[in-house]
Amino acid sequence: MKNQNHYVAIMAGGVGSRFWPMSKSSYPKQFLDILNTGNTLIQSTYERFASFIPEENIFVVTSQEYVSIVQNQLPKLSIQNIVAEPERKNTAACIAYISFKLKKMDPNANLIVAPSDHLIGNLDLFTESCLKALEFTSQNDAFVTLGIKPSHPNTGYGYIQYENTKEDVNPVIRFTEKPHREQALAFLEEGNYLWNSGIFIWKASDIIDGFGVYAPQIYDVFQDIYSLLNTPQEMQAVPYAYANCQSISIDYAIMEKAENVHIIPADFTWNDLGTWNSAWENLNKDESLNASNSSNTILVDSMGCLVHSNEQKVVVIGGLKDMIIVNTPEALLICKKEDEQQIKEYVERVKEVKGELYI
């Protein structure tokens, strides 16, 4: 039996600019099948949680402009379970909004908050970790995150140091955001650091108390509209709250300040699919380590390339190494894999030169 006090909030409001030009602000990466699995990222996320969370307790928090896309891609999801943000104010506002709603709906709501665009394997292990976390937070006033054992000194992830008590759930010592390579190498050698998965578990009432202590400005604006949540007046009240709400991540607002933070070292495979390189790592490759989404792509004397084309035309790549090549009807991107962090800058340049049309 699925526990009726268990809930999930899937965060699906991002624009995914590092996956441009496939991901555009009008149709971002969480709604795309990046890895050619037959499911979009948000569809895979929904199915992952629906295996152990009551489907009526699965909520998607997204931008107002993406509500119809969510409806189309998740037809089982009730429209009441699609929570529309009037503007983007980072993850703290998103989490405060859904937490206040759920607390009013169910004072005992025990909540998983997860991004919509992560790749997760070993689903039995993932389910086991989530249920362990929910059991712990049901019995303790605590914030829990799932930590991923580092496989290499990745400088694009946040790291969490923890007390290795050999228990399932361990106290957190500190958070470190995106360290430089030497620091990341030291973390791996030390052995008690995990990657921050961005998957959080807590009781709705506890995280609301956390806002009251560590982010009172956010707490106050949502407390002001609390009586209107889950009523016909909610849609008129929420824009007020967001207009007056600080824009900050949940990590900075609460997790890095709170004392009752714990972590579960997880054994499932995980990738946040934040960049084209991360997609390349998870796609099938030929003997020259090239990855492509189309049988119409022909690579000659090329190695380590990622080629993604949304068109049926034949694409021939000759004599290239370690390149990202993305072809859509509106845009073509060609850049070195090592320069993928500059894609956001390329998008800004396109915006300067061509306006909003191509982004």
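The model is predicted, so local features need pLDDT of at least 70, side-chain atom pairs count only at pLDDT 80 or more, and totals for chains, interfaces and linings use all residues. Residues are numbered from 1 along each chain as its sequence is written, and side-chain values use heavy atoms, leaving out hydrogens and water.

**Two helices that meet**

- Two packed helices are described by the angle and the distance between their axes.
- The axes of helix α6 (residues 204-214) and helix α7 (residues 216-224) come within 6 Å and cross at roughly 125 degrees.
- α6 and α7 are therefore oblique to each other; angles under 35 degrees count as roughly parallel, over 145 as roughly antiparallel, 65 to 115 as roughly perpendicular and the rest as oblique.
- In α6, Ile208, Phe211, Gly212, Val213 and Tyr214 meet Pro216, Ile218 and Tyr219 of α7 (contact means heavy atoms within 4.5 Å).

**The nonpolar cores**

- A nonpolar core is a set of buried Ala, Val, Leu, Ile, Met, Phe, Trp, Tyr and Cys residues joined through side-chain atoms within 4.5 Å; buried means under 20% relative accessible area, exposed over 50%, partly exposed in between (1.4 Å probe, protein chains only).
- The largest core has 49 residues, and Trp202, Phe211, Ile218 and Phe222 have the most contacts inside it.
- Helix α3 (residues 90-105) gives this core its largest share, nine residues.
- Apart from it lies another core of 45 residues, including Val70 and Phe268.

**Leu74**

- Look for Leu74 in the loop between α2 (67-73) and β3 (82-85).
- Leu74 counts as buried because its relative accessibility is 4%.
- Leaving aside neighbours within four places in sequence, Leu74 is in contact with Ile42, Gln43, Tyr46 and Val60.

Methods. Axes fitted to C-alpha atoms, helices over the stretch in contact; angles between N-to-C directions. Helix = DSSP H or I, 4+ residues; strand = E, 2+ residues; numbered from the N terminus.
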